[in-house]
Amino acid sequence: MTTLDRRAALALLAGGALAAPSLASASPFSFEGVKTRAQALAAKPYVAPPPPPPQVQAMDYDAAQAVGFYREKIPLWGGDWGIELFPLSRGVSKTVAINLVENGAARPLAYDPTMFSSRVDSPFRAMPAKAGFAGFRAISRDDRGEWLVFHGASYFRSPAPFGQYGLSARAIAADTYAVQPEEFPDWREVWLERDAQGRLVIHALMESPGVVGAYRFVNDRDGLALTQTVEAAVFFRRAFDQMGFAPLTSMFWFGEDRGEAGPDWRPEIHDSDGLLMWTGAGERIWRPLSNPSRVVTSTFSDENPRGFGLIQRDRDFEHYHDDQANADRRPSVWVEPIGGWGRGSVRLVEIPTDNETNDNIVAFWTPEAPVTAGSAVDLSYRLHWTSDAPPADADLARVVATRTGRPGEPGKDLVAQGRKIAVEFRGVNLLALRTAIDVEADVTARGGQIRLLSHYPAARREAEIEGLWRVVFDVAPDGAEPADVRVVLRQKGQSLSETWTALVFPAPAGN
């Protein structure tokens with residue numbers, strides 16, 4: 001609880017309403033106007049925003065967390081939601097202009113420090129009277145907490161559907177671990193609107209030295225789940241080597257395959273455990289996430305993909321034993337393209353990390369056509385904040401675990417090279433195939449050799465409604481580069497499962 005100043009406390013105790021938010025005069029507004037402004041900005045040299053006030057340096061994480069927002073000051077209410085604002089802090093020190101839209105007209109929302117509650121000794125009290133907002137969040141009217149946050153650079157995230165934050169989305173990923181240094185665009189201005197259906201609609205202007213974008217988010221809530229329909233128009237001031245659209249950012253420290261004693265007492269620590277892709281040809285591909293020893297970028301070429309997402313598939317608390325971070329309740333996000341996206345690739349960037357505070361996983365879509373100075377891209381998609389990806393057209397078994405270990409046979413092959421891999425598939429369609437003799441494990445390795453391949457159904461458990469098959473094999477990369485491995489279960493040539501794929505690196509010396 002924060003300690004309110006005497007004036008604010010007396011006002012609340014007296015039941016008096018605090019002053020309404022300050023709004024300037026209205027001007028005509030449309031999303032087409034935001035796009036026109038973005039295009040015009042992209043044709044001009046970049047103008048950096050003014051530096052933040054020096055007082056923000058005293059607003060560390062704890063100080064920022066201790067600043068509240070008066071419910072009476074909420075500037076916009078929907079049917080079951082309201083908007084709260086964030087002050088500047090050391091972590092998020094750039095301002096974003098906030099506007100409210102009603103009946104086709106927009107009014108700027110003036111910053112007012114009396115919107116916020118703070119302790120008497122809070123460094124927030126020393127902030128300038130016109131410091132500005134750092135972002136906003138949408139809260140539930142029924143005290144179920146917040147359900148959407150736009151705060152910092154061009155990031156946004158939701159705790160839907162389990163009320164637990166995890167991975168983030170952002171507007172764009174501009175040269176993430178590419179040849180040129182990465183750019184991190186900022187939300188420069190947003191327009192918040194309640195549409196005729198009572199939904200929160202967010203219009204946003206994004207900018208960095210090399211790119212300007214206009215974005216529109218229509219937020220549909222279904223119970224605790226959230227679907228965002230996104231329309232983006234992006235204009236480029238310069239060329240980029242690797243432009244990522246619909247990017248997702250997550251964390252993977254270690255999972256069930258760590259084998260030996262790890263750096264933490266918890267068995268697994270991750271916000272997501274796999275990248276799932278649904279290709280334009282209909283194949284479902286599961287790529288387990290990893291914490292590599294060096295930065296690894298994987299490219300999955302496709303045409304008109306049906307979707308991709310970073311998924312937290314393991315929902316078993318016993319696999320985490322974490323009742324603080326609640327990793328078993330972290331959301332998944334599924335990207336569903338609207339319209340044909342053409343040729344390009346889903347890209348996965350995995351970055352080494354030695355703790356759980358670093359987001360080291362990025363997934364995004366990169367069009368085949370290169371981004372050049374003066375070019376533009378229009379893209380629409382839906383973001384589903386959900387427990388898992390939508391089901392496939394056919395009844396396919398899912399990858400539920402990936403485990404690794406030393407290669408060879410027990411008691412033999414003491415100098416065997418490579419890694420042993422065990423992939424577990426689970427699905428309703430596998431339950432009736434426990435005694436089938438024509439189930440095949442299709443395992444291939446580009447740049448490596450497969451040895452000691454076996455596949456078999458796991459022992460049945462009581463009240464089991466899905467079958468589990470395990471595919472076990474050794475992979476020996478041909479040289480110093482990793483082997484690109486794919487595994488799928490088949491019967492009479494038809495796929496029974498998702499396609500598991502991973503890069504298997506040569507084992508370090510001594511392992």
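Is alanine 507 buried, partly exposed or exposed, and what is its relative accessibility? The first view takes up this question in a predicted model.

**View 1. Alanine 507 sits in the segment after strand S34 (499-504).** With a relative accessibility of 25%, alanine 507 counts as partly exposed, because that label covers values between the 20% limit for buried and the 50% limit for exposed. Setting aside residues up to four places away in sequence, alanine 507 touches Gly418 and Arg419. Look also for aspartate 474: along the chain it is 33 residues apart from alanine 507, and 12 Å separates their C-alpha atoms.

**View 2. A cis peptide bond links alanine 160 to proline 161.** The omega angle of this bond is about 5 degrees. To find your way, follow the chain from strand S9 (155-157) to strand S10 (168-170): proline 161 belongs to the loop between them.

**View 3. Tyrosine 177 is not a glycine, yet its phi is positive.** The angle is about 50 degrees. Tyrosine 177 is found in the loop that runs between strand S11 (172-174) and strand S12 (186-194). Its relative accessible area is 48%, so tyrosine 177 is described as partly exposed.

**View 4. Asparagine 304 is a residue other than glycine with a positive phi.** Here phi is near 50 degrees. Strand S21 (296-303) and strand S22 (307-311) lie on either side of the loop that holds asparagine 304. Asparagine 304 is partly exposed, with a relative accessible area of 34%.

How values were computed
Residues numbered from 1 in each chain as written. Predicted model: local features only at pLDDT ≥ 70, side-chain atom pairs only at ≥ 80, totals over all residues. Heavy atoms only, no water. Helix = DSSP H or I, 4+ residues; strand = E, 2+ residues; numbered from the N terminus. Buried < 20%, exposed > 50% of the residue type's maximum accessible area, 1.4 Å probe, protein only. Contact = heavy atoms within 4.5 Å.
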